[in-house]
Amino acid sequence: MKDLNRIKVVLVEKKRTSKWLSEQLGKDPATISKWCTNTSQPDLVTLTKVAALLDVDVRQLINKTKGTNSDD
């Protein structure tokens, strides 16, 4: 399965941990771990909250796939 999100990458860029994110969201650390390994994905509402916490545009948390921009 292709990686769909970049949560782990952005956490590293922002010098934050998955534990910090789980505390901020009130989620189980195992859930955050699954998002970071792309085993499962957060819903769009949660993804928006993650983006706000990390002070990034939500699009920075999503990997581009073929056909997602007009250049393809």
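Reply: Lys15 counts as exposed, because its relative accessibility is 75% (exposed means over 50% relative accessible area, buried under 20%, partly exposed in between, with a 1.4 Å probe and protein chains only). This is a predicted model, where local features need pLDDT of at least 70, side-chain atom pairs count only at pLDDT 80 or more, and totals for chains, interfaces and linings use all residues. Residues are numbered from 1 along each chain as its sequence is written, and side-chain values use heavy atoms, with hydrogens and water left out.

Lys15 sits in the loop between helix H1 (7-13) and H2. Helices are DSSP runs of H or I with at least four residues, numbered from the N terminus. Lys15 is not a glycine, yet its phi is positive, about 55°.

Asn38 also has a positive phi, near 60°, and is a residue other than glycine. Its loop runs between helix H3 (29-36) and H4. Asn38 counts as buried because its relative accessibility is 8%.

Now the helices that follow these loops. H2 (residues 18-25) and H4 (residues 44-54) pack at about 115°, with axes 11 Å apart. Axes are lines fitted to C-alpha atoms over the stretch in contact, and angles run from 0 to 180 degrees between N-to-C directions. H2 contributes Trp20, Leu21, Gln24 and Leu25 to the contact, and H4 contributes Thr46, Lys49, Val50, Leu53 and Leu54. Contact means heavy atoms within 4.5 Å. By class, the contact of H2 with H4 has six nonpolar, two polar and one charged residues. Nonpolar covers Ala, Val, Leu, Ile, Met, Phe, Trp, Tyr, Cys and Pro; charged covers Asp, Glu, Lys and Arg; the others, Gly among them, are polar.

How values were computed
Helix = DSSP H or I, 4+ residues; strand = E, 2+ residues; numbered from the N terminus.
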